[in-house]
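The sequence and structure come first.

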Amino acid sequence: MKKVLTFVVIAILILISTFPAFAATPINTLVKQQLDLAKEKDQVERAISDSQSNPKKFLVDNKHELARKELMNVSNPDDLIYGKAYKVYIANKEVIQDLIDGKNISNALLNTSYEWEIPVKFNNKSVASITVSFLDNRWNVGEIGGYLSPNSIDFVSNPDDIISYLDNNNLKEAKTFIHFRIPSLHSDFLYIEANSGEYFVPIIHGEGKSELYGLKDKKIYTKDEMISAIGPTLKAGLNDTGMTTGRPSLNGKYLGNQVYYLIALTIFIAFITIFHFIRLKRKYSYK
């Protein structure tokens, strides 16, 4: 019997060790999602360097059309440099529906498509951004110019600023951190899933906009506060193209597969435990 108990304890410890993705993690670990850590790093960087559109030249040549005042003093594309890329998930219909229904949206977000957004800097300050998206089975430069203000680009692309902001709001640990976008609301959101609940930080598109749909820029909100502010708008426009478009998922069912793995592992351990118990019981019954 001691052998059985020992085996059960070891099995439980093995099972517990597979749960780190579901436990709270220091927020600084979750926030650092730079391109350097991504499997597609080389492909994304190649997409930028090989792009026929030449993003830096495009920004300089079209600075008046883009209405980016920070670009007005830039005449040489070589004076522009790329900053650290950050991942942006694009909310699809499932994400919107889960949010309206008050469900946890972390799984839906992780199973939607994402793109990489790269700040473009001049004199060490963001002046625009470009996106690299997975289209036609490869990473390609997509939108050039960006939606966010220079200050917002600086904020969301700097993990230390985000960590400091969340720390000041008593969010030191979380299960999930995701930067996502709802194009039809002209806003990005920093999403934090913590043990105490789900939180959202709106990042409003455009220059000088401090409030939209009753939500203030860079202010932290609970899920209930979010739904109260934008729920009616989301519900009314659920079939709006801006809310339902998105690229094919790059992640597959990552979180879902983890759940299936844990269930299968639990069943396997239970089966082995019962098998050994029956075997030992028979062994001692013959003595």
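Which residues of helix α9 (residues 159-168) are buried? They are P159, I162, I163, Y165 and L166, where buried means under 20% relative accessible area, exposed over 50% and partly exposed in between (1.4 Å probe, protein chains only). Seen down the axis of α9, these buried residues fall within an arc of 165°, so they line one face of the helix; the arc is that of the directions from the helix axis to the C-beta atoms. On the other side of α9, D160 and N168 are exposed.

This is a predicted model, in which local features need pLDDT of at least 70, side-chain atom pairs count only at pLDDT 80 or more, and totals for chains, interfaces and linings use all residues. Residues are numbered from 1 along each chain as its sequence is written, and side-chain values use heavy atoms, with hydrogens and water left out.

The buried residues of α9 pack against α2 (27-31), α8 (150-156), β8 (176-182), β9 and β10, with contact meaning heavy atoms within 4.5 Å. Helices (H or I, at least four residues) and strands (E, at least two) are DSSP runs, numbered from the N terminus. At the N-terminal end, α9 is capped by N158, which has a side-chain oxygen 3.0 Å from the backbone nitrogen of D160. Just after α9, N170 takes a positive phi of about 60°.

The second largest cavity is lined by residues that include L185, F189, P202 and I230. A cavity is a set of points on a 1 Å grid over the protein atoms alone where a 1.4 Å probe fits but cannot get out, and lining residues have an atom within 4 Å of a point. β9 (187-194) and β10 each supply at least two residues of this lining.

| Property of the second largest cavity | Value |
|---|---|
| Volume | about 30 Å³ |
| Nonpolar lining residues | 8 |
| Polar lining residues | 1 |
| Charged lining residues | none |

Here the volume is the space filled by probe spheres set on the grid points, which are joined across faces, edges and corners. Ala, Val, Leu, Ile, Met, Phe, Trp, Tyr, Cys and Pro count as nonpolar, Asp, Glu, Lys and Arg as charged, and the others, Gly among them, as polar.

G208 lies in the loop between β10 (197-204) and β11 (211-212). G208 is exposed, with a relative accessible area of 74%.

The protein chain has 12 helices and 13 strands. Of its 287 residues, 45% count as buried.

Note on methods:
On a 1 Å grid over the protein atoms alone, a cavity is a set of points where a 1.4 Å probe fits but cannot get out, and a pocket is an open set with protein on both sides within 12 Å along at least five of seven lines; lining residues have an atom within 4 Å of a point. A polar contact is a pair of N or O atoms within 3.5 Å; within protein, one must be able to donate a hydrogen and the other to accept it, and residues adjacent in sequence count only if both atoms are side-chain atoms.
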